[in-house]
Number of protein chains: 2
Amino acid sequence: MQKVRVDAFSLSLDGFAAGPRQSLQDPLGEGGMALHQWALGTRAFHAAHGGGQQGSTGIDDDFVARSMHNVGAWILGRNMFGPIRGAWPDDTWRGWWGDDPPYHVPVFVLTQHAREPLAMAGGTTFHFVTDGIEAALARARAAAGERDVRIGGGVATVQQYLRARLVDELHLAQVPVLLGAGENLFAGLDLPALGYTVKQHVATPAVTHIVLGRD
Amino acid sequence: MQKVRVDAFSLSLDGFAAGPRQSLQDPLGEGGMALHQWALGTRAFHAAHGGGQQGSTGIDDDFVARSMHNVGAWILGRNMFGPIRGAWPDDTWRGWWGDDPPYHVPVFVLTQHAREPLAMAGGTTFHFVTDGIEAALARARAAAGERDVRIGGGVATVQQYLRARLVDELHLAQVPVLLGAGENLFAGLDLPALGYTVKQHVATPAVTHIVLGRD
């Protein structure tokens, strides 16, 4: 059955998924890159980025591999697509990821501002959705076919889908660093009241993995 | 050198150290007891509560033992001492812990409402301090002599001492449960801005231990 998933969603100890002051220099906000080091060294990450058989194996690698498995479409918030706010000044901005983004499937970007679809190399096409999270999910579900829909982030987008009880599974990777400020996943969010409980918990030297689901 | 410590401070995955609606029935708020299960089964906890050589050993036990070691005085917030708010109606309330509280040293309780010291069995005396956190710490430091001062909680008390940069070491035990509401340690607290960084990180099947300190 098709699932709606959030995977490999890295958080600081104090709950931040991105640091403050996102910019061209700091796509994940100041200090935000530290949250992703655990994943960057894994074999699954290297394999997905042309690195062949390099990288670590084990639990962290298993979670990265799982995060990439069976994904038929993505949904991203506007800020995860880029640092531009407000209306698109032109079509120059094509995402953070260069000509061949690591998605390779349709990606639905939530925005208030219409824009033509943007076909990239490697099978990624960015579609800009202006009629809300449910419309974006309907389109992503249809595009994904038998496969799952993965919600990439950021926090505001994940929170909206959680509040609407539209996320089936949420894998958090809690990293032992403090950010102190930025985008906090838990701010104002009562996950038990939304029906979420901890389904899996396993820690490695680098990170504590927690999988949440609804009963 | 004498240290000011917070130890075995249990948090939910979403940052809560206590659940909502503290009451006589729920001293740790609704759901709060789930945060402390990792400690209750350890040998150090059993030994401190008359259980002899029962209980688990290993990393969790080591942290519980360390939390009890070399403590010469405690500081507690009013709500950690009891569920009564406002002026003391009488001297009937003597803490949550029965006649022989598990402190066995002087305990300084922060309150707006004066009350005579309360000597309990086993060496615990509760002193009620009405002139603020720095006065309480000065008295606790003097009472502790060569030993350390431990700040027990709750969240509001720990936050006040952290904001004043008066805590030398903070051991957090993050438990894989969600509370969704209650007293959140990280709410409005920028630990890196206060000089705190992660000094130690070790996970067990039950809990992720993190020790924070200032450079």
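Q: Where does Arg165(A) lie, and what makes Arg165(A) count as exposed?
A: Arg165(A) lies in the loop between H6 and E8 of chain A. Helices (H or I, at least four residues) and strands (E, at least two) are DSSP runs, numbered from the N terminus. A residue is buried if 20 or more other C-beta atoms, placed from the backbone, lie within 10 Å of its own, exposed if 12 or fewer, and partly exposed in between. Arg165(A) has 11 such neighbours inside 10 Å, so it counts as exposed. This is a predicted model: local features need pLDDT of at least 70, side-chain atom pairs count only at pLDDT 80 or more, and totals for chains, interfaces and linings use all residues. Residues are numbered from 1 along each chain as its sequence is written, while chains are lettered from A and ligands numbered from 1 in the order in which they are written.

Q: What is the phi of Arg165(A)?
A: Phi is near 55 degrees, a positive value in a residue other than glycine. Most residues other than glycine have a negative phi.

Q: Why is Ala8(A) called buried?
A: Ala8(A) has 24 other C-beta atoms within 10 Å, so it is buried. Its place is in strand E1 of chain A.

Q: Why is Leu118(B) called partly exposed?
A: The count for Leu118(B) is 18 other C-beta atoms within 10 Å, so the label is partly exposed. Leu118(B) is in strand E5 (residues 118-119) of chain B. Leaving aside neighbours within four places in sequence, Leu118(B) is in contact with Arg94(B), Thr125(B) and Phe126(B). Contact means C-beta atoms, placed from the backbone, within 7 Å.

Q: What makes strand E8 of chain A largely enclosed?
A: Six of the seven residues of E8(A) (residues 169-175) are buried, so the strand is largely enclosed by the rest of the structure.

Q: Which sense does E8(A) take in pairing with E1(A), and which with E11(A)?
A: E8(A) pairs with strand E1 (residues 4-12) of chain A in the parallel sense over six bridges. Six bridges also join E8(A) to E11(A), and these run antiparallel. Strands pair if DSSP finds at least two bridges between them. Arg5(A) stands opposite Glu169(A) in E8(A). Gln174(A) stands opposite Thr208(A) in E11(A).

Q: Why do E5 and E10 of chain A stand at the edges?
A: The open sheet has nine strands in the order E5-E6-E4-E3-E7-E1-E8-E11-E10 (chain A), with mixed pairing. E5 (118-119) and E10 each have a single partner strand, so one side of each is left without a neighbour in the sheet.

Q: Which helices lie across strands of chain A, and at what angles?
A: H3(A) (residues 59-68) lies across E1, E3, E8, E10 and E11, running at about 140 degrees to E1(A). H6(A) (residues 155-163) lies across E1, E3, E4 (106-110) and E7, running at about 135 degrees to E7(A). Axes are lines fitted to C-alpha atoms, for helices over the stretch in contact, and angles run from 0 to 180 degrees between N-to-C directions.

Q: Where is the cis peptide bond in chain A, and what is its omega?
A: The cis bond joins Gly153(A) and Gly154(A), with omega about 0 degrees. Gly154(A) is in the loop between E7 and H6 of chain A. In chain B, the bond from Gly153(B) to Gly154(B) is cis, with omega near -5 degrees.

Q: Which residues have the most contacts inside the largest nonpolar core?
A: They are Ile75(A) and Ile75(B), in a core of 114 residues. Such a core is a set of buried Ala, Val, Leu, Ile, Met, Phe, Trp, Tyr and Cys residues joined through C-beta atoms within 7 Å. Contacts of Ile75(A) include Phe108(A), Leu137(A) and Ile151(A).

Q: How many residues does each chain bring to the contact between A and B?
A: The contact takes 21 residues from chain A and 21 from chain B. On the chain A side, the largest share, five residues, comes from E10(A).

Technical notes. Contact = placed C-beta atoms within 7 Å.
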